[in-house]
Amino acid sequence: FPSHDIERINLNSTYTEKGVSIRNYKNEPLNTHTRRIFKDGVEVPSLTTNIAGNYTIHYSVTDEGLTRTIFRQVKVLDLVKPVITLNGSNIFQIALGGTFTDPGATAFDYTDGNLTSSIIVTGTVNTNVEGTYTLTYNVTDSEGNKASPVTRTIVVSSLSNNLVLDYRFTEFQEPTINLSTSINPLYRDWE
């Protein structure tokens, strides 16, 4: 293989080393070689895929007094997006002139752990103006993976506080009509 072979694998995937086939200038196989693994420049006993990083596998062989080293680079990449979870409901109804306190959200990433303090919230809520407002929550992990944005809807309305707006339906539902009828068993017109 070329001396600068690069493999990219996903975090927590299975890595199977390809090994190496080394031949001398007479095209004879050289089966005795040494193998050393380095992670980010520090020698390690093995390549593990549960932590993102750059590994270099060095293969060295000595033949007729000359030592040659070739290497393979393996990049373990974190491609998993962080996950944002809203605290509380995703929909709020606030009375015109009332107060709204955002209950916030939490964020977790497999590699970075708790990213809650890194969440960026965009949007504003003006409880003195009727309308529907949206807050959007975003976060990015240390590898540049962006979470799927999560939104919260706040409806500011002058309607009574007893009115509950429910926007959670996701598909149209046909109305159900229940008819109460009485049937005269002596009269049959369906024949």
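Two strands count as paired if DSSP finds at least two bridges between them. Strands themselves are DSSP runs (E, at least two residues), as helices are (H or I, at least four residues), and both are numbered from the N terminus. One example of such pairing is phenylalanine 38, which stands opposite threonine 56 in β4. The structure is a predicted model, in which local features need pLDDT of at least 70 and side-chain atom pairs count only at pLDDT 80 or more, while totals for chains, interfaces and linings use all residues. Residues are numbered from 1 along each chain as its sequence is written, and side-chain values use heavy atoms, with hydrogens and water left out.

**The chain as a whole**

- The protein chain has zero helices and 12 strands.
- Buried residues make up 29% of its 191 residues; buried means under 20% relative accessible area, exposed over 50%, and partly exposed in between (1.4 Å probe, protein chains only).
- The chain exposes about 13400 Å², of which carbon and sulfur atoms supply 51%; these areas come from the Shrake-Rupley method with a 1.4 Å probe.
- Among the contacts (heavy atoms within 4.5 Å) with a separation of 6 or more, 54% join residues 24 or more positions apart.

**Strands β2, β3 and β4**

- Strand β2 (residues 34-39) pairs with strand β4 (residues 53-63) in the antiparallel sense over six bridges.
- Strand β2 also runs antiparallel to strand β3 (residues 42-44), and three bridges join them.
- Phenylalanine 38 stands opposite glutamate 43 in β3 as well as opposite threonine 56 in β4.
- The hairpin of β2 and β3 has two residues between the strands, and there aspartate 40 takes a positive phi near 50 degrees.
- Arginine 36 forms a salt bridge with glutamate 43, with the closest N and O atoms 2.9 Å apart; a salt bridge is a side-chain nitrogen of Lys or Arg within 4 Å of a carboxyl oxygen of Asp or Glu.
- Arginine 36 counts as partly exposed at 41% relative accessibility, and glutamate 43 counts as partly exposed at 43%.

**A four-stranded open sheet**

- Four strands form an open sheet with mixed pairing, in the order β7-β12-β11-β10.
- At the edges stand β7 (91-95) and β10 (120-122), each with a single partner strand, so one side of each is left without a neighbour in the sheet.
- Neighbouring strands of this sheet are turned by 20 degrees against each other on average, direction ignored; the axes are lines fitted to C-alpha atoms, and angles run from 0 to 180 degrees between N-to-C directions.
- Strand β7 and strand β12 (residues 150-157) pair in the parallel sense over five bridges.
- Alanine 95 has serine 157 as its bridge partner in β12.
- Serine 157 is buried, with a relative accessible area of 7%.
- Leaving aside residues up to four places away in sequence, serine 157 touches Gln93, Ile94, Ala95, Leu96 and Glu130.

**Nonpolar cores**

- A nonpolar core is a set of buried Ala, Val, Leu, Ile, Met, Phe, Trp, Tyr and Cys residues joined through side-chain atoms within 4.5 Å.
- The largest nonpolar core has 16 residues, and those with the most contacts inside it are Ile84, Ala105, Ala107, Ile119, Tyr137, Val139 and Ile154.
- Two or more residues of this core come from each of β6 (83-86), β8 (105-109), β11 (131-138) and β12.
- Isoleucine 119 touches Ala105, Thr106, Ala107, Tyr137, Asn138 and Val139, not counting residues up to four places away in sequence.
- A second, separate core of 12 residues includes Leu47, Tyr59, Ile70 and Val74.

- In one of them, the side chains of arginine 72 and glutamate 7 meet at 3.2 Å, N to O.
- Arginine 72 lies in strand β5 (residues 66-77) and glutamate 7 in strand β1 (residues 4-10), so the pair ties together parts that are 65 residues apart in sequence.
- Both arginine 72 and glutamate 7 are buried.
- Aspartate 102 forms a salt bridge with arginine 152, the closest N and O atoms being 2.7 Å apart.
- This pair links the loop between β7 and β8, where aspartate 102 lies, to strand β12, which holds arginine 152, 50 residues apart.
- Aspartate 102 is partly exposed, with a relative accessible area of 30%, whereas arginine 152 counts as buried at 0% relative accessibility.
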